Amino acid sequence: MEEHTKKILFLVELVAKLEKLRAEGKVIVQSHGVFDLIHPGIIKHINLAKSQGDILVVTVIKDRDVRRGPGRPVFSEHQRAENVASLQLVDYVCIVEDETPFQCVKRIKPDVFARGQSYKERDQKIHQRIFDEEKSLYFGKSRIYETEGFSFSSSQIVNNSLNIYPDETKAFLEKLSRKYNFNFIVDKINSLNKLRVLIIGDGIIDEYHYCSPMGKATKSHLVVNKYITHEIFNGGTFAVANHVAGLCDSVTMVTLLGRDDSKEDFIMNNLKPNIKAKFYYRDGAPTIVKKRYINEYLNQKLFEIDYMVDDYINQECEAAIIEFLQKELPQYDLVLVADFGHGLITKKMIKIIERLSRVLAVNTQRNAANEGYNLINKYRAPHFFCLDEPEARLATRDKFSDIEVVIKTLSKMLESQYFIITLGKSGSIGYNASREIVRTPVFSSKVIDTVGAGDAFYSFTAPCFSQGMPLDLVSFIGNVVGAIAVQIVGNKRSVERHEMLEFINTLLK
Ligand SMILES: Nc1ncnc2c1ncn2[C@@H]1O[C@H](COP(=O)(O)OP(=O)(O)OP(=O)(O)O)[C@@H](O)[C@H]1O
Ligand SMILES: [Mg+2]
């Protein structure tokens, strides 16, 4: 074992060791971060941190939890830990989880927490809640010491020296960063928390069953697979509500479950606590489940079976929902419709929603069950809508024209003045009241699963729109969210506000 690697400990080992050192009267200093590139700013920070105590502990964020955007981290957690451990002044190194930022500080309880200068402002902006309300919870008695010396950051070096994006995307980002600075964007995003949002749409549970092929069945023409494992997530409107609830403090969700196998406990356990759920039930049917079988090795979907009844809900159920909507709708700043076309949202309901919503945003999702039937022109003049390209083409019955022609047809057909069409790997194209057409590229560097990316895009852009943000900024935010969402399997978890801000911070450097 090389000498420096002995400094790298597991968290339990480290905590035990520090307990002993503390008993001997040693002052413990902690520095925490990604440490992707060791540059003069980092060296200066390490020197200053060490000067504040006897023992310097550096916690290095696990690859999985690095949320610095595309291409990051450049080096693996083990390489990064070894780099830091090679510095003479560093006494111990530990690779830590950071899913909730700074959670390791609670375990390590340093006397001094050393923070680099360039992170001071960023942390306060991005992790404001931790630094204000929960500071004592995370940092207990630790003193926070701000080191000087981070005159430039790894992100700047990575952005400018490594070719992560094509030239057009770099030029786009340069132009955007001249127009909007990071703090302006953070303030805008933070202002969304006071929006009162009502979400209405079909409830869907997503199941992923992973398997591996064994061989051909003896008496039929099929490959038999062996079950490996499965995962179950809140999908559809539940996923949309979880995305929005990370941005806005007050979210009400109106949705439909099946009376027979409602899965209500599972759904509630996987909704964010600030979502108020108003469930209605379809008699004689289960809550909709979409079950996919996936070849685990190739990560390829083999087969899907949906458990659903998807005709329109009966009149009794419709009347109950309409009564609720008539009372509630006018109280919300934004009504967000997630119409998956599975029978919850009736024509009568649409009329009420259009009449009583102060600001109405709509997505009509195309899927196997509703192909061609669930079109945006069921709605009249929504204030904002978001579709993908096939959904836009189906609605205008225009398969081949340039997308800009489709956009103009849509704006006339719906009398809508602000909308965005997502274009998968080509980003998005948007249209506003000034008849501007705004194209935005993708910022994704790796794609794991694109399912749910459009829902995440819509969930973030609708609140941004309703706060009056300009189309270019809203489209930029949407594609940042899209880039994060394509790295998440289906709707396994929602895109979080702080990771989106980390990503934006990196892009604008
Ligand atoms: N293959 C991809 N490569 C890079 N980015 C992608 C890709 N697919 C999607 N994105 C990002 O996600 C955003 C939304 O994706 P997309 O247009 O596929 O939505 P969608 O078809 O509505 O998805 P879904 O309905 O499954 O949620 C895009 O604007 C883009 O930023
Ligand atoms: Mg979609």
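**Figure 1. Helix 19, a helix largely enclosed by the rest of the structure.** Here's a predicted model, and we start with helix 19, which covers residues 497-507. Of its 11 residues, 10 are buried, so the rest of the structure largely encloses this helix. Who's on the buried list? It runs R497, E499, M500, L501, E502, F503, I504, N505, T506 and L507.

**Figure 2. The whole chain, for orientation.** Step back and you'll find 19 helices and 17 strands in the chain. Its radius of gyration is 25 Å, close to the 23 Å that the globule rule gives for 509 residues, so the chain is as compact as a globular protein of that length. The C-alpha trace spans about 75 × 65 × 45 Å along its principal axes. Buried residues account for 41% of the 509 residues. Take the contacts between residues at least 6 apart in sequence: 76% of them join residues at least 24 apart.

**Figure 3. Where domain 1 meets domain 2.** The chain splits into domain 1 (3-164) and domain 2 (187-507). Domain 1 puts 12 residues into the contact, and domain 2 puts in 11.

**Figure 4. The largest nonpolar core and V244 within it.** Nonpolar side chains tend to be buried together in soluble globular proteins. In this chain, the largest nonpolar core has 85 residues. The ones with the most contacts inside this core are V197, I199, V244, L336, A361, V480 and V481. Helix 18 (residues 471-485) is the top contributor, giving 9 residues. Zoom in on V244: leaving out residues up to four places away in sequence, V244 touches V197, I199, V251, L336, S459 and P463.

**Figure 5. A second, separate core.** This one has 31 residues, including V57, L87, V90 and Y92.

**Figure 6. The shell around ligand 1.** How many residues surround ligand 1? There are 22, and the closest are D388, T422, A453, G454 and G482. Helix 17 (453-466) and helix 18 each supply at least two residues of this shell. Helix 17 gives the largest share, with 4 residues. Sorted by class, the shell has 8 nonpolar, 11 polar and 3 charged residues.

Conventions:
Residues are numbered from 1 along each chain as its sequence is written. Chains are lettered from A and ligands numbered from 1 in the order in which they are written. This is a predicted model: local features need pLDDT of at least 70, side-chain atom pairs count only at pLDDT 80 or more; totals for chains, interfaces and linings use all residues. The radius of gyration is taken over C-alpha atoms; the globule rule is 2.2 Å times the number of residues to the power 0.38. A residue is buried if 20 or more other C-beta atoms lie within 10 Å of its own, exposed if 12 or fewer, and partly exposed in between; C-beta atoms are placed from the backbone. Two residues are in contact if their C-beta atoms, placed from the backbone, lie within 7 Å. Domain bounds come from an automatic or database domain assignment. A nonpolar core is a set of buried Ala, Val, Leu, Ile, Met, Phe, Trp, Tyr and Cys residues joined through C-beta atoms within 7 Å. A residue is near a molecule or strand if its C-beta atom, placed from the backbone, lies within 6 Å of it. Ala, Val, Leu, Ile, Met, Phe, Trp, Tyr, Cys and Pro count as nonpolar, Asp, Glu, Lys and Arg as charged, and the others, Gly among them, as polar.
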